[in-house]
Amino acid sequence: MSTMDLRQALAGLLTLSMFIMLGNMIKKDHFDSMYDVNIEAAPASQNASEAVIDQSLATVSHVSKKSLMENGKGLKPCRNPLSLEEAHQSKGFITFSLTNGPEYHISQIADAVVVARILGATLVLPDIRSSKLGYSMSLGDIYDVQKIINRLDGLVGVTKTLPVTNGNPPIVKVPNRVSQDYIVRIVKPIYKAKGIVKIESYFSSVNPTIAGNKKNLDSFACQAMFGILQLQAEMLEVVDSMIQKLQSWSQNSNGKFIAVDLRTEMVGRECHKKDVSGRKLCYQPHEIGEFLKKIGFSPETTVVYVTQTKWNSDLDALKDIFPKTYTKETVMAEDKKGKFLRSKSSEFEKVIDFYICSKSEVFVPSIPGLFYANVAGMRILSGKNQILVPAEIAGPSASASDYISSYESQKNHFAYACFC
């Protein structure tokens, strides 16, 4: 072969490689962009940047074993919020309920705290409304009430019980991450007239943009969102014991413990859909398995936890690739299943999934949504930076570091509004 032929062959190979790389980047960025809660957060300091960056996952199957808490360094609040005395206090109350699972709970309590703060109202601690019609739980069934009260101290006034009123309080719907202007224009007149308002957050999008002139409010909302809700003792014990079991299994095989948000009923509804340009909106079990294998996770050593509660035959394709794939039915202690897996509500199951995904060594979402966004926020705060967004990989292998979530790689998550 002539020198010219060699040069042409090499040029062709490099061009093909560039197109493959570009294709993977486009697919990954598209899928990830649907997850992003994009804000103009305060820029992170140099120290903050150093605290969050974790080692490359390029050779993830050969990464040395690390405990869950050694995934990276966690973040701390950038600044303290205004003291309670600096906010005008009125005699009214703001009430609300937590609904739809923990990924919504942390956003709902943030909205309620912001509304109460701006109106100078006392916040009434919420109940928890199940997705099952007519079924509710007390806040203490899932969360540590005293810790919530302690963490709200200095942010807003708090009471455990709803005051006696004539009839039900008026309900006002507020957009998630509500603005001060909306509160003053829409909520305040009703609050002044009635002295009590029940707010309900609605989620029109998982990627709202926040103007830069709202940084102070963003910081306050961010601290309310990620710093208040803590699990009660028994709930925490169940979650921690499951995490320890999964971690032990992965360490015994010298592998990694990955949590995958993969619920077959949701995937079944969404995975036949594509966007206007024909690109994927979510990933099936076999596609997740192929993705993990191609970026370097060993099928023989990797332990995979999926958020599906009970085993479904649709998961067989993933288990065929990664034999050590489990659901909470397998991992949970037998004496806890009656209360937490066979209750009238699925709230316990949702909480378990949310916190296992928040604390696993690696997290992989299969579908866009608020679950991904708020799990990512929890992980960023605790330094668990190994968040991998799936994509279709054309070649036989790829670097895992190319699929790190933009929440982490670009530092564009809402959590960076108040944590550094």
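Q: Which residues have the most contacts inside the largest nonpolar core?
A: In this predicted model, the largest nonpolar core has 84 residues. Helix H3, residues 102–119, gives nine residues to this core, the largest share. The residues with the most contacts inside the core are Ile94, Tyr143, Phe226, Ile352 and Ile356.

Q: Which residues is Ile356 in contact with, leaving aside its neighbours within four places in sequence?
A: Ile356 is among the residues with the most contacts inside the largest nonpolar core. Leaving aside neighbours within four places in sequence, the contacts of Ile356 are Val239, Met242, Ile243, Leu246, Phe257, Ala259 and Tyr305.

Q: What is the order of the strands in the open sheet that three strands form?
A: The edge strands of this sheet are E2 (97–99) and E5 (136–137), each of which pairs on one side only. Strand E4, residues 127–129, is joined to E5 by two bridges, and these strands run antiparallel. The pairing in the sheet is mixed, and the order is E2-E4-E5.

Q: Which residue in E5 is the bridge partner of Ile128?
A: E4 comprises residues 127–129 and is joined to E5 by two bridges. In E5, the partner of Ile128 is Met137.

Q: Which strands does H3 touch where it packs on the sheet?
A: The direction of H3 makes about 150 degrees with that of E2. The edge strands of the sheet are E2 and E5. The strands touched by H3 are E2 and E4.

Q: How are H3 and H5 oriented to each other?
A: The axes of H3 and helix H5, residues 180–194, come within 10 Å and cross at roughly 70 degrees. Val114, Val115, Ile118 and Leu119 in H3 meet Gln180, Ile183, Val187, Lys188 and Tyr191 in H5. An angle from 65 to 115 degrees counts as roughly perpendicular. The orientation of H3 and H5 is therefore roughly perpendicular.

Q: Is Glu347 buried or exposed?
A: Glu347 lies in helix H13, residues 347–359. Leaving aside neighbours within four places in sequence, Glu347 is in contact with Gly101, His105, Ile128, Arg129, Ser130, Ser131, Met137 and Ile142. Because its relative accessible area is 0%, Glu347 is buried.

Q: What is the order of the strands in the open sheet of four strands?
A: The edge strands are E11 (325–326) and E12, each pairing on one side only. Strand E10, residues 303–306, pairs with E11 in the parallel sense over two bridges, and four bridges join E9 to E10, which also run parallel. The order of the sheet is E11-E10-E9-E12.

Q: Which residues of E10 point the other way from Val303 and Tyr305?
A: In a regular strand the side chains alternate between the two faces of the sheet. Val303 and Tyr305 point one way from E10, and all the residues of both groups are buried. The residues pointing the other way are Val304 and Val306.

Q: Which residue in E10 does Ala259 stand opposite?
A: E9 and E10 run parallel and are joined by four bridges. The residue in E10 opposite Ala259 is Tyr305.

Q: Is Thr325 buried or exposed?
A: Thr325 lies in strand E11 and stands opposite Val304. Leaving aside neighbours within four places in sequence, Thr325 is in contact with Val304, Val306, Trp311, Leu318 and Lys319. Because its relative accessibility is 2%, Thr325 counts as buried.

Q: Which strands of the sheet does helix H14 touch?
A: Helix H14, residues 370–382, packs on the sheet, and its direction makes about 165 degrees with that of E12. The edge strands of this sheet are E11 and E12. The strands touched by H14 are E9 and E12.

Q: Which elements do the buried residues of H9 pack against?
A: Helix H9 spans residues 285–294, and its buried residues are Pro285, Glu287, Ile288, Gly289, Phe291 and Leu292. H9 is followed by Gly296, whose phi is positive, near 115 degrees. The elements packed against by the buried residues of H9 are strand E9 (257–261), helix H10 (316–321) and strand E12 (362–365).

Methods:
Residues numbered from 1 in each chain as written. Predicted model: local features only at pLDDT ≥ 70, side-chain atom pairs only at ≥ 80, totals over all residues. Heavy atoms only, no water. Core = buried A, V, L, I, M, F, W, Y, C linked by side-chain atoms within 4.5 Å. Buried < 20%, exposed > 50% of the residue type's maximum accessible area, 1.4 Å probe, protein only. Contact = heavy atoms within 4.5 Å. Pairing = 2+ DSSP bridges. Axes fitted to C-alpha atoms, helices over the stretch in contact; angles between N-to-C directions. Parallel < 35°, antiparallel > 145°, perpendicular 65-115°, else oblique.
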